[in-house]
Amino acid sequence: MQNDAYVQSMNQLWWVEGSAEWAAHKVVTGTTERDHKIEQFFNRQKECSLTQHSYDAQPFFFWGEQMFDTSWGISLGMGGRQYLKRPSRAAQILPPERWLDWAIAQAAEIITMPDGRPLPHQAAVEPLDLSDSCGASIQGPPLSVQLRELRFPLDGESPIKIEPHGAQVAYLNSSGEWIRITSNTEINSPTSPMYLVAIMPSGNNLDVKLSLTNSNIACGCHVGRWKEVATADSDAEDSFKGALEAMDQFKGMIPPDQLENLNKAKQMIESADTKDRFRFRDATKQLFEMDGGRVSYIGSGPTVTFAADGKFQIDDPHTIQNDKTKVTYRVFTHTGKWEFEDEVLKIDIKNINFLGTVEGPNSDGPKEISSTNKNSSYVGGGGDWIVSCEDSGFTLIPADEKKRRPGKNAVLRPH
C-alpha cells in the first residue's frame with residue numbers, strides 16, 4: 001500500500017520500512033520479535049542521518065504517534081519522495097523546534113512502544129571532556145540526535161559558551177528542566193557534568209561549538225588528576241651515587257675523629273634504596289634521617305594534580321621503614337602553582353603538608369607527627385618542563401637540554 005499510494009519505489013526506505021514496522025507493532029501488541037531493530041537504530045543513529053535508516057527507523061514513528069496522532073506517520077508519505085529521501089527535504093516535515101522535541105524525548109527516555117511499553121533500548125550518552133583543550137565540538141550528520149555528558153576541567157568553574165551554528169540544542173539544568181538554545185548562549189553557572197542534546201534540522205552536518213569563557217582558565221592536555229608511572233629500575237638514577245663517589249674520593253682528607261660519622265653516613269646511603277624512580281617524589285631527606293639499616297619505601301607513587309586555575313598539587317602518602325624505625329605519612333602533600341610561558345610548563349612548589357606517625361625502639365608506640373611549611377625548599381617535581389601529549393596521558397621532559405634523557409622524564413597517566 002505504501003509503495004503504490006505514496007512513493008512508487010523503495011528509495012525512501014527509512015519511511016517505508018520504519019513506518020511499516022511501527023504499523024506492525026500497532027497491530028500485534030506486546031511483540032518483542034523486532035527489538036533488535038530498535039537497538040540497531042540507536043547504535044547507528046550517531047553516525048547516520050535519519051534518511052539513511054530503514055526498518056530500524058521505527059522509534060521515530062513511535063515518538064511521532066505519541067507527539068501527534070496515529071495518522072501522522074502515514075500522512076508524512078503524502079509529501080512524496082522529495083520530502084523523504086534527502087535530509088534537507090526531510091527536515092521540512094517538522095518545524096525545527098519539533099526536531100528538538102524528538103531529540104529531547106530520546107535524552108529523557110520518554111519514547112514508548114505503540115502499546116505503551118518502554119523501549120527495549122535507549123540512546124547512549126557519550127562523554128565529552130573539556131579538560132584537554134577547554135573547547136570541544138558536538139558533531140554528527142543531519143537529523144541525527146547527539147547526546148553528550150559534558151565534563152569540565154578540574155576546579156575550572158567558568159561560564160560555558162554554546163554556539164549552535166544552526167543546530168537545535170538543549171541542556172539539562174539543576175532543576176531537571178531541558179533548556180533550549182538556538183543562538184550563541186553563555187551559561188553562567190553550569191552543573192558538572194552537564195547533559196546536552198543536539199540535532200541539526202537541515203541537510204547540513206551538525207557542528208556545535210563549546211568553550212570556556214573565563215580567561216583565568218588554563219587549557220592543555222596536562223590539566224586533570226594523574227598518577228605518575230615509575231621509571232624502570234634500569235633507567236632510574238641513583239640520586240646519591242655522586243655522594244658515594246665523593247666520599248671515596250675525599251676520604252683521605254677527612255680528619256680521623258670524623259671518619260666514624262663519614263662511614264656511618266656511607267653505610268646508610270649504601271643500605272637505602274635511593275634510585276629516583278619518580279620525578280614527583282622527594283624521599284631522600286626522610287630516608288637518611290633514619291637510624292641506619294636497610295631502608296624500604298612503601299607507596300604506590302605520587303598523584304599529581306594540575307588544576308585548570310593554575311594550582312598544582314602532589315599527593316604521595318607512603319611509609320618509610322627499616323628494622324628499627326617506621327614513619328607512616330597518611331598525608332604527604334606539596335602544593336604550588338603552574339603556568340605556561342614560551343611553550344614551557346613552569347612548576348613552582350611553595351608548601352608542604354604532612355600528617356602521620358613515627359615509631360621507633362624508644363617511642364613507646366606510634367607518635368603523631370604533622371607539619372605545614374610554607375615556602376618549602378622542595379626539590380622533586382618543580383622546575384621547567386616540555387609537555388608531550390599522548391592518547392594515554394602525557395610525558396614531561398625537563399626543559400634543560402642537558403637533562404633530557406629517559407631517566408629524567410615524568411610519565412603521567414589518568415588517575
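Modeller: Contact here means heavy atoms within 4.5 Å. Please bear in mind that this is a predicted model.

Colleague: Are α8 and α9 roughly parallel or roughly antiparallel to each other?

Modeller: Two packed helices are described by the angle between their axes and the distance between the axes. For α8 and α9 the angle is about 150°, and the axes lie 10 Å apart. α8 passes α9 in a left-handed crossing. Angles over 145 degrees count as roughly antiparallel, and α8 and α9 are therefore roughly antiparallel.

Colleague: Which element gives the most to the largest nonpolar core?

Modeller: The largest nonpolar core has 36 residues, of which W14, F60, F61, W63, W99 and W102 touch the most other members. Elements giving two or more residues to this core are α2 (13–27), α3 (35–45), α4 (58–67), α7 (96–107) and β8 (194–199). With six residues, the element that gives the most is α7.

Colleague: What does F61 touch, not counting residues up to four places away in sequence?

Modeller: F61 is one of the residues that touch the most other members of the largest nonpolar core. Leaving out residues up to four places away in sequence, F61 touches W14, W15, G18, S19, W22, W72, G73 and L76.

Key
Residues are numbered from 1 along each chain as its sequence is written. This is a predicted model: local features need pLDDT of at least 70, side-chain atom pairs count only at pLDDT 80 or more; totals for chains, interfaces and linings use all residues. Side-chain values use heavy atoms; hydrogens and water are left out. Axes are lines fitted to C-alpha atoms, for helices over the stretch in contact, and angles run from 0 to 180 degrees between N-to-C directions. Helices (H or I, at least four residues) and strands (E, at least two) are DSSP runs, numbered from the N terminus. Angles under 35 degrees count as roughly parallel, over 145 as roughly antiparallel, 65 to 115 as roughly perpendicular and the rest as oblique. A crossing is left-handed if the near helix is turned anticlockwise from the far one by less than a right angle, and right-handed if clockwise. A nonpolar core is a set of buried Ala, Val, Leu, Ile, Met, Phe, Trp, Tyr and Cys residues joined through side-chain atoms within 4.5 Å. Buried means under 20% relative accessible area, exposed over 50%, partly exposed in between (1.4 Å probe, protein chains only).
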